[in-house]
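Thanks for coming. Please have the sequence and the model open.

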Amino acid sequence: MPTYRAYQIDERRRILSATWVEAASDEQAKAKAAEDLCEEDIPAVELWQATRLVDEITCEDDED
């Protein structure tokens with residue numbers, strides 16, 4: 001199973017934390033990263049597989 005690295009990114013584009021994500025595909029990895037890492041005050045999550053940027057996930061703010 002492929003391994004990805006997910007980074008919580010702040011509004012200044014600095015890495016706040018990082019975690020490993022294992023998933024069978026890029027789509028599964030993106031869904032898992034969004035579910036697990038999008039939290040309050042986290043605007044984005046970058047998902048990488050080795051040196052390949054898979055996606056930058058924009059975390060939705062629940063406030064309306």
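One definition before the details: a residue is called buried under 20% relative accessible area, exposed over 50%, and partly exposed in between. Asp26, with a relative accessible area of 25%, is therefore partly exposed. Keep in mind that this is a predicted model.

Asp26 has a salt-bridge partner, Arg52, and their closest N and O atoms are 3.0 Å apart. Where do these two sit in the chain? Arg52 belongs to strand 4 and Asp26 to helix 1, which covers residues 26–37. The two are 26 residues apart, and the pair links distant parts of the chain. Arg52 is also partly exposed, at 35% relative accessibility.

How many salt bridges does a search of the whole structure find? The answer is six. Another of them is between Arg13 and Glu46, with 2.8 Å between the closest N and O atoms. Arg13 is in the loop between strand 1 (3–9) and strand 2 (15–22), while Glu46 is in strand 3, so this pair ties together parts that are 33 residues apart in sequence. Is Glu46 buried or exposed? Glu46 counts as buried, at 15% relative accessibility. Arg13 is partly exposed, with a relative accessible area of 45%.

Strand 3 (residues 44–49) and strand 4 (residues 52–58) run antiparallel and are joined by six bridges. Together they form a hairpin with two residues between them. Ala50, in the turn, has a positive phi of about 55 degrees. Which residues make up the salt-bridge network here? Arg13, Glu46 and Glu56 are linked in it.

The side chains of Glu27 and Lys30 meet at 2.9 Å, N to O. These two residues are three apart in helix 1, so about one helical turn separates them. Glu27 counts as exposed, at 53% relative accessibility.

Last, the aromatic rings. A search of the whole structure finds zero aromatic pairs.

To recap the two links between separate parts of the chain: Arg52 in strand 4 goes with Asp26 in helix 1, and Arg13 in the loop goes with Glu46 in strand 3. That is all from me.

Methods:
Residues numbered from 1 in each chain as written. Predicted model: local features only at pLDDT ≥ 70, side-chain atom pairs only at ≥ 80, totals over all residues. Heavy atoms only, no water. Phe/Tyr/Trp six-rings, centres within 6.5 Å; stacked < 30°, edge-to-face > 60°. Pairing = 2+ DSSP bridges. Helix = DSSP H or I, 4+ residues; strand = E, 2+ residues; numbered from the N terminus. Salt bridge = Lys/Arg side-chain N within 4 Å of Asp/Glu carboxyl O. Buried < 20%, exposed > 50% of the residue type's maximum accessible area, 1.4 Å probe, protein only.
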